Amino acid sequence: FEDFKNKITFSNVSFNYDKKKNVINECSFEIKKNMITAIVGKSGSGKSTLVDLILGLQKPKSGKILLDNIELKNLNIDSYRNQISFVSQDPFLFYATVKENLLWSNNDATEEDLFKSLKIANAYDLVMNLPMKLNTYVGERGAELSGGERQRIILARAILRKPQLLILDEATSALDQESEKLIKNSITEISKFTTVLIIAHRASTISIAKNIYVLNNGKMIESGTLEKLKQTEESEFLKIMHEYRKDN
């Protein structure tokens, strides 16, 4: 696998664990190239399983996952995963320097590559203001940095990999508004050359998505822009947004 030209397609995909009830149930949707796509859903709706299927960690029991017209199962899975970067809600940094943490994703990267990825991730000024700049130790799990700073370094590391697909799984859920704004600006910039999939609850996070899918009981039940989904009466999307605000 090197690249896909148009889209990743889920076509009537179903999945279950140990022949129990389907977690993903005849799910169909598209992730279009060099666009921001978002998926929202309640806890237990199947979002994590969907990500596992996209990463090739699980295989559909029925239906197809297609990259353009080629089924994922027919691709070399290692070469496919090498073209994906994944950023989770709980970012992990090694007890090492900023530079060493960045190079973990691409050991062949030049210093120019490092600076470019930091700039795209809105982390360049942050790193340049650290005591030893790139050679500053970040502490155990990045403890010397704030949550927003850690997430921007993680995002720069993901960009340095030069992925064809960037998956952000609740990557801004624990951030303050200012940090989230910086990350959103970065994601918008990244989407000019990388396909981005956002898994999130916050309406503010998914507002930058060109298309939002609503997952319920393992099936896509609604889709559209944020404005369209907000205006839909009896929308499952509005219920999810309301429950998330209530819980937080």
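Predicted model: local features only at pLDDT ≥ 70, side-chain atom pairs only at ≥ 80, totals over all residues.

Colleague: How many bridges join strand 1 to strand 2, and in which sense do the two run?

Modeller: In general, strands (E, at least two residues) and helices (H or I, at least four) are DSSP runs numbered from the N terminus, and two strands pair if DSSP finds at least two bridges between them. Here strand 1 (residues 7-15) and strand 2 run antiparallel and are joined by six bridges. Besides the pair above, Ile-8 faces Ile-31 in strand 2.

Colleague: What does strand 1 do with strand 4?

Modeller: Those two also pair in the antiparallel sense, over five bridges. Thr-9 turns up again, opposite Leu-66 in strand 4.

Colleague: What is the strand order of the sheet with antiparallel pairing?

Modeller: The order is 2-1-4-5, in an open sheet of four strands. Strand 2 (24-32) and strand 5 (70-71) are the edges, each pairing on one side only. Helix 1 (residues 47-55) packs on this sheet and touches strand 1, strand 2 and strand 4, its direction making about 60 degrees with that of strand 2. Contact here means heavy atoms within 4.5 Å. Angles run from 0 to 180 degrees between N-to-C directions, with axes fitted to C-alpha atoms, for helices over the stretch in contact.

Colleague: What is the order of the sheet with mixed pairing?

Modeller: That open sheet has six strands in the order 6-7-8-3-9-10. Strand 6 and strand 10 (219-224) are at its edges and pair on one side only. On average, with direction ignored, neighbouring strands of the sheet are turned by 20 degrees against each other.

Colleague: In which sense do strand 7 and strand 8 pair?

Modeller: Strand 7 (residues 165-169) and strand 8 (residues 195-199) pair in the parallel sense, with five bridges. In one of these pairs, Leu-165 has Thr-195 of strand 8 as its bridge partner.

Colleague: Which strands does helix 7 lie across?

Modeller: Helix 7 (residues 177-190) lies across strand 3 (36-41), strand 7 and strand 8, and its angle to strand 8 is about 145 degrees.

Colleague: At what angle do helix 6 and helix 7 pack?

Modeller: Helix 6 and helix 7 pack at about 10 degrees, with their axes 10 Å apart. The two helices are therefore roughly parallel to each other. Helix 6 contributes Gly-148, Gln-151, Arg-152, Leu-155 and Ile-159 to the contact, and helix 7 contributes Ser-179, Leu-182, Ile-183, Ser-186 and Ile-190. Sorted by class, these residues are five nonpolar, four polar and one charged. Nonpolar covers Ala, Val, Leu, Ile, Met, Phe, Trp, Tyr, Cys and Pro; charged covers Asp, Glu, Lys and Arg; the others, Gly among them, are polar.

Colleague: What is the volume of the largest pocket?

Modeller: A pocket is an open set of points on a 1 Å grid over the protein atoms alone, with protein on both sides within 12 Å along at least five of seven lines; a cavity is a set where a 1.4 Å probe fits but cannot get out, and lining residues have an atom within 4 Å of a point. Points are joined across faces, edges and corners, and volume is the space filled by probe spheres set on them. The largest pocket holds about 360 Å³. Its lining has 17 residues, with Ser-85, Phe-86, Val-87, Trp-104 and Arg-157 nearest the centre. Strand 6 (84-87) and helix 6 (147-160) each supply at least two of the lining residues, and strand 6 gives the largest share, four. The classes are nine nonpolar, four polar and four charged.

Colleague: Which residues are closest to the centre of the second largest pocket?

Modeller: That pocket has a volume of about 250 Å³. Gln-58, Lys-59, Pro-60, Leu-72 and Lys-73 are closest to its centre, out of 16 lining residues. Strand 4 (62-67) supplies the largest share, four residues. The lining comprises six nonpolar, four polar and six charged residues.

Terms used
Residues numbered from 1 in each chain as written. Heavy atoms only, no water. Parallel < 35°, antiparallel > 145°, perpendicular 65-115°, else oblique.
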